[in-house]
Amino acid sequence: MFPDSNLNASKARHLDIGAPDQIVETFADLTGNDARLSIRFEGLDVQYPVTLALLDRDLHQCVLRASDLKDLESLLNQRLPFYLDIQHTSMSMTSAMMRPLKVSVQVDRVDIRSALPVSLKLTRQRNLFRATLERGMKVNMLMTAQRGGSEVEGRLVDLSIGGCLIAVSVNDAINFQIGMALHRLRAVFPSSEAFDAAGCVRHMRCSDDSNDVLVGVVFDASLADFERQVWFYVREIEREAVRLEAPPERVVAPSRLFNEGSAALEMETVVTPQEEALAVLPLFDNVKNIARALGVQLINLQAGMSLETAVLCEQSRRLLALLQEDRQALLYALACVERHSTPLVCHGLFVATRLADLESGDRTTDQVVQMMACALIHDFGKILLPEHVRLHEGAMDASTLSHLHAHVELLRFRIERDGLTTDMRRDVLLSINERLDGSGYPRGLDGHSMNRLARMAAVVDAIDAMSRPRSDRPAWLALDIYRHIFNAGSQFDTACVNRYVKRYGFTPIGSLVAFSSGFQAWVMRLDAKGQPSRVRVVRELTHDKRMNQVLEGSELVQLGTLEGCVGRHDSAMTPW
């Protein structure tokens with residue numbers, strides 16, 4: 001009945017409690033609780049407030065204490081049976097008939113000794129009761145944060161009159177913040193029946209048994225018609241849950257909201273050709289798991305928690321092991337995971353991998369792991385920025401840029417201190433946005449204050465950022481990025497830029513390239529000269545034909561001469 005009671009294990013709205021030990025424990029919960037107790041006699045409308053003065057577990061009896069009222073004393077002296085009513089904020093209970101065994105009248109009170117009732121009937125408050133969708137029950141939830149904004153799809157976990165719990169992917173959960181208004185919520189049942197509501201995000205937490213984030217939403221409508229509509233869906237979900245859990249001999253009619261048979265059986269997962277290709281892609285699953293772990297850290301940060309350095313270092317070790325296992329396979333897997341994670345996580349993965357690839361040198365494994373951990377989350381502070389800055393469209397003015405640059409300091413105090421040295425925090429986390437000419441942020445350092453690691457981190461970060469689309473410009477091609485970096489005057493270390501270009505070439509792994517014969521392909525591997533040696537051909541432009549064929553070595557001759565990179569951020573053109 002109460003927060004610490006075993007009765008919470010049952011999610012049913014109505015519950016009959018008949019086991020003697022459960023009745024005893026329920027009465028024990030009444031001691032020191034904020035529940036309101038009263039007794040009433042059959043045929044009378046008057047209720048008399050009482051408290052539980054004593055619970056005798058051995059005799060299975062209790063003593064109820066009431067104020068000394070003459071009419072109550074008269075009723076008790078007649079040994080009339082009574083009912084005990086229990087009211088709590090979330091539920092109410094009514095006992096089976098109880099009969100006084102002994103009545104003791106004191107100066108200002110009456111003590112009533114009675115045997116504990118043989119049963120209790122529990123009813124959870126309608127406005128607080130949550131119907132939970134059990135295994136096999138699926139209701140899709142479509143959420144829109146802004147009028148005219150894009151929809152995010154999730155799965156309904158439970159529903160009450162006041163709100164609901166929705167499971168969404170880690171990637172989609174980044175779009176929400178606690179306190180954010182949701183312009184539209186639509187629940188779509190298997191029967192295609194749906195209802196709409198508006199609400200606000202109340203809380204967010206990561207699921208313990210799945211890869212989802214649970215988003216708690218409170219409805220902002222309190223109209224009686226709306227409550228009656230939602231209550232119908234709550235009852236139907238509860239009825240379907242009861243049907244699924246009922247023993248074979250008990251026949252329960254299915255809810256009309258769930259197609260016949262769909263609630264009792266799990267739907268088979270349909271695997272797309274793209275997913276089949278990813279399943280055999282080297283290292284992809286490993287990278288996807290790392291991306292999810294980082295996404296969870298990002299969600300926790302957004303919810304007010306600190307980043308866990310132990311988790312960051314663990315994921316960095318996993319990423320470093322993949323880099324050492326097969327460098328080129330990892331670079332291609334990183335390109336493929338972009339559609340399965342958030343931009344902040346993907347940017348961190350790319351920067352951390354390339355920085356480790358370029359700067360491991362004579363550093364110890366622990367030093368490289370810390371370097372990668374700092375690089376992984378160097379931009380995570382942007383999730384803490386005000387919404388008008390974080391979601392800004394178009395070019396930024398000086399004031400907005402100033403607010404954006406605050407992300408470094410916002411993150412600085414939200415990382416656990418243990419596990420990361422001061423040097424690594426300084427050279428990567430705090431200096432990656434600095435420039436040699438002092439035009440960077442947050443401290444406006446110049447070249448004299450930046451060592452080699454800080455200089456290389458700045459180059460890697462800038463190149464990857466320019467390769468990604470922004471609201472004020474499309475993604476840049478590799479050749480254009482290199483040209484811009486070299487022409488940026490004294491902002492970047494030329495030696496670091498040269499090292500980067502030599503290492504990754506003009507057609508980096510994961511880029512989309514064109515050939516003279518009209519074919520376009522994704523670069524999967526490079527040879528010793530930095531030329532594509534393995535590609536995935538995806539389009540033939542002459543006949544506007546889509547393809548999916550992997551070619552390597554001498555097979556590439558049939559594609560003609562390599563012409564260079566083309567724009568890769570096309571929703572129809574993916575690396576797998």
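## Confidence of the model

The mean pLDDT of the protein is 86, and 89% of the residues reach 70 or more. Where pLDDT is low, the predicted coordinates should not be read in detail.

## Overall make-up

The protein has 576 residues, of which 48% are buried. Its secondary structure consists of 17 helices and 21 strands. Of the contacts between residues at least 6 apart in sequence, 63% join residues at least 24 apart.

## Helix α1

Helix α1 spans residues 20-30, and its buried residues include Ile23, Val24, Thr26, Phe27 and Leu30. These five residues cover an arc of only 160 degrees around the axis, which puts them on the same side of α1. An α-helix has 3.6 residues a turn, so residues three or four places apart point the same way.

## Aromatic pairs

Nine aromatic pairs are found in the whole structure. One of them joins Phe41 and Phe82 in an edge-to-face arrangement, with 6.2 Å from centre to centre and 70 degrees between the planes. Phe41 belongs to the loop between β2 (36-40) and β3 (47-56), while Phe82 belongs to the loop between α2 (70-77) and β5 (83-87); the pair thus links distant parts of the chain, 41 residues apart. Both Phe41 and Phe82 are buried.

Phe189 and Phe258 also form a pair: their ring centres are 6.0 Å apart and their planes stand at 90 degrees, so the pair is edge-to-face. Because Phe189 lies in the loop between β14 (181-188) and β15 (194-206) and Phe258 in the loop between α4 (224-245) and α5 (273-279), this pair ties together parts that are 69 residues apart in sequence. Phe189 is buried, with a relative accessible area of 3%; Phe258 is likewise buried, at 4%. Ring pairs join Phe189 and Phe258 with Phe195, Phe232 and Tyr233 in a cluster.

## Charges over rings

Two arginine residues are placed over aromatic rings. Arg354 lies over the face of Tyr504, 5.2 Å from the ring centre. The charged end of Arg468 sits over the ring of Phe350, at 4.8 Å from its centre.

Note on methods:
Residues numbered from 1 in each chain as written. Predicted model: local features only at pLDDT ≥ 70, side-chain atom pairs only at ≥ 80, totals over all residues. Heavy atoms only, no water. Buried < 20%, exposed > 50% of the residue type's maximum accessible area, 1.4 Å probe, protein only. Helix = DSSP H or I, 4+ residues; strand = E, 2+ residues; numbered from the N terminus. Arc of directions from axis to C-beta. pLDDT = per-residue confidence, 0-100. Contact = heavy atoms within 4.5 Å. Phe/Tyr/Trp six-rings, centres within 6.5 Å; stacked < 30°, edge-to-face > 60°. Lys NZ or Arg CZ within 6 Å of the ring centre and 35° of its normal.
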